[in-house]
Amino acid sequence: MFGATILLAVGAFAVAVAGWRVIPTAILVVGVIAVIVVLFDYPIATTFDARGVERRMAFRRQLIPWDDVTRLVRSRPSFSFGVRKFTHGGFTANVGRRRYLLVDQGEGLDEFDRLDTLVEDLDVDVAFDEIEPPREGATATWTYRRRKWMPDDLG
């Protein structure tokens with residue numbers, strides 16, 4: 001969100017200074033599009049349950065039923081992975097030919113074990129076995145977010 005907002009601000013400033021010329025207007029348009037994409041399609045939190053995978057974005061929610069998910073794969077780690085000591089990326093769900101970002105950072109071992117147990121218990125046809133588990137002591141996904149993202153049984 002930070003990068004998209006900066007791009008929007010730079011575009012607005014450029015249009016204010018130079019007027020509606022091609023380059024300032026293009027920067028502004030790209031900034032507006034980036035902010036819209038982040039608000040409507042970048043997950044803030046994702047929950048996994050018997051119904052499926054629920055992605056929560058700033059302005060909408062999306063439920064992806066397990067029947068639609070063909071596999072869960074790792075995404076690339078974010079640029080801050082070296083700062084936070086992440087060794088792997090978060091999860092992406094393959095739904096047909098599309099990929100949906102579920103979590104933007106790696107999960108903790110406890111979270112991984114819970115998801116593995118859920119997928120096994122539901123006996124869903126999702127390719128999950130080839131995903132490498134996180135290292136011991138990996139930070140949980142809710143650690144760097146507000147306390148409300150912490151799992152209920154840990155609070």
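Trainee: What should I know before reading the values?

Mentor: The model is predicted, so local features need pLDDT of at least 70 and side-chain atom pairs count only at pLDDT 80 or more, while totals for chains, interfaces and linings use all residues. Residues are numbered from 1 along each chain as its sequence is written, and side-chain values use heavy atoms, with hydrogens and water left out.

Trainee: How many helices and strands does the protein chain have?

Mentor: Helices (H or I, at least four residues) and strands (E, at least two) are DSSP runs, numbered from the N terminus. The protein chain has four helices and six strands, in the pattern α-α-β-β-β-β-α-β-β-α along the sequence.

Trainee: Is Thr46 buried or exposed?

Mentor: Buried means under 20% relative accessible area, exposed over 50%, and partly exposed in between (1.4 Å probe, protein chains only). Thr46 has a relative accessible area of 17%, so Thr46 is buried. Thr46 sits in strand β1 (residues 45–48). In the protein chain, 37% of the 155 residues are buried.

Trainee: Which residues is Thr46 in contact with, leaving aside neighbours within four places in sequence?

Mentor: Contact means heavy atoms within 4.5 Å. On that basis Thr46 touches Val53, Glu54, Arg55, Leu102 and Val103. A polar atom of the Thr46 side chain lies 2.3 Å from the backbone oxygen of Leu102.

Trainee: And Phe59: buried or exposed?

Mentor: Phe59 counts as exposed because its relative accessibility is 54%. Phe59 is in the loop between β2 (52–56) and β3 (61–65).

Definitions and conventions. A polar contact is a pair of N or O atoms within 3.5 Å; within protein, one must be able to donate a hydrogen and the other to accept it, and residues adjacent in sequence count only if both atoms are side-chain atoms.
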